[in-house]
Amino acid sequence: MAHTFEQDAALIRLPMTAAFKQSMAAHRFGTLLDTAQRGWNQRQLDEGTFSIALRIPPQDPLKQLPCLAENSSFRFLWDSAPGLCLAAAGQCQHLELAGPRRFELAQRFSDTTLQRLIDANPDGPCQARSRVLLAFSFFEQGKGQQSNLDVDAAPCLQALLPRWQLSRHGQQSWLRIHGHASDQADVRALTEALWHMAEALNTGSSHHDPADARILGTPVGCWQESYQPALEQGLRLVNDGALHKLVLAVRQSIELTTPLSPLPLLERLRHQQKGSCRFLWQRGNHDAFFGASPERLLNLRNGRLRSDALAGTAGRGEGGDTLMQSSKDRHEHELVVKAISESLGEEGLNPQSPRRPQLARHGHLIHLHTPICADARGHQALALAAALHPTPAVAGLPRREAMHWLQTLEPFERGGYAAPIGWIDQAGDAELRVAIRCGHLRGKRLDLTAGAGLVRGSIAERELQEVSQKLAVLADQLDLDSESLRRTTELRKCDSDGPSPYRPVAHSSGVPPHECPLGW
């Protein structure tokens, strides 16, 4: 009777000679190769994308991503630990495009890619499934792409089947490889590559960066100079009734003088933003989009849909009672709950939600939060995502008019900010987060983006404070050198007729970043 991998793992913990270990390893590789060849022989196509997975000892995908991506320019991380944690690297198949049908075409690409897989492990657990990774931009077509001026702009849709996929949920870890195969020699080569990668992960040391490394950087420009006139116009629009809500964003750029790796930052966010999902979409060594999103656009599992209404924000020092009693924040939140429920209702769903919001704490910030659930059997994940994006929590109401004003008033390209990012698997299960609390690293330039919702009765000073608190979530983790910021003339020149809206952010200053009234 053949041994299972679990039995082999139990045996391998016993004292063994080197020869016996080698014999056991050969036996386990033989079992893996048999599985691969059996899957190949049962294929329906003459050639195609072959995939095989191997259960391995528990690994931390975040720490093992550098090993997984040693020879790959593309890197992906999805860290919702203690839930699913997924690292991926390399490209097996990919799609990039722009236009109004991008959600539909992303669904078609995902279905076609995953249904045609020659999978040697079709009955594996859900965390081991092959996944198509997805990253959208906020707008279906960017400003630079409309004029063909911004050649470096990220595509409005990126859908990708990775070469490598390392997943962990609880104490189970699975390593999977995807690659083209046209004969048994290709299948053996892919199986050997999988085996060698598993050995590298099992025997290699996890990636570590100095925990106390300080990032040196200089703010570029003054975000308040462009935000102030947009804020005034936005307040007029909501107070005059032209819009029910508008979510204006700001961007603070930092010119780095020392290299920045997103992974140590994401590891710190894992501990300080426990209720969020940390993410990374890295297109190359000099282009990385990353953050810690507290907002779930949708989770679809076994036909059950969940979406989050997350609107209304306060600093932890203000307390949750203040937020719950704020008529402005409660009104803003109710607009989001109503809009999400109506969008799902228009798709034929019957959404259910609690009558009162809950408080959700994410690091230094507190939000009003309402989970919205529905039976979504028979519905495609990305069709529902198209109906939901963008929610009023990141755009406004009415949606079309708000989107027009965002493109008019915001002086920068949103790119992936506040857009869906996530994955869809072989069973049609999916999870997409709203990419907020994020940074975009391009070479030595780091862009931090945050927004605040305007409704009737909003106060300009309060909106400035909210935006700054959100920027500080990531700035806090960067440990920016305070002396370099104090020497920045741009900070002194900002708002020369009154108090500067900026303060340096650094642990050595003795002032917790979330208590800085305007962040920088």
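Visitor: Which residues is L175 in contact with, once its neighbours within four places in sequence are left aside?
Guide: In this predicted model, where local features need pLDDT of at least 70, side-chain atom pairs count only at pLDDT 80 or more, and totals for chains, interfaces and linings use all residues, L175 is in contact (heavy atoms within 4.5 Å) with I52, A53, L54, I56, L68, W164, Q165, L166, L194, M197, A198 and L201. Residues are numbered from 1 along each chain as its sequence is written, and side-chain values use heavy atoms, with hydrogens and water left out.

Visitor: What makes a group of residues a nonpolar core, and where does L175 stand in the largest one?
Guide: The name is given to a set of buried Ala, Val, Leu, Ile, Met, Phe, Trp, Tyr and Cys residues joined through side-chain atoms within 4.5 Å. The largest such core has 130 residues, and L175 is, with F50, one of those with the most contacts inside it. Apart from that core lies another, of five residues, among them A314, L323, M324 and L368.

Visitor: Why is E466 called buried?
Guide: Buried means under 20% relative accessible area, exposed means over 50%, and partly exposed is in between, with a 1.4 Å probe and protein chains only; E466 has 3%, so it counts as buried. Its place is in helix α13, residues 460-478, where helices are DSSP runs of H or I with at least four residues, strands are runs of E with at least two, and both are numbered from the N terminus.

Visitor: What makes the pair of E466 and T313 a polar contact?
Guide: The term asks for a pair of N or O atoms within 3.5 Å, where within protein one must be able to donate a hydrogen and the other to accept it, and residues adjacent in sequence count only if both atoms are side-chain atoms. The side chains of E466 and T313 are joined at 3.5 Å, so the pair meets that limit.

Visitor: How do you know that D425 and R129 meet in a salt bridge?
Guide: A salt bridge needs a side-chain nitrogen of Lys or Arg within 4 Å of a carboxyl oxygen of Asp or Glu, and here the N to O distance is 3.0 Å, so the pair qualifies. D425 lies in strand β19 (residues 420-425) and R129 in the loop between β5 (118-119) and β6 (131-136), so the bridge ties together parts that are 296 residues apart in sequence.

Visitor: What puts the buried residues of helix α12 on the same side of α12?
Guide: The buried residues of α12 (residues 399-409) are A402, M403, L406 and L409. They cover an arc of only 140 degrees around the axis, which puts them on the same side, the arc being that of the directions from the helix axis to the C-beta atoms. What covers these residues includes α7 (223-239), β11 (245-256) and β18 (396-397).
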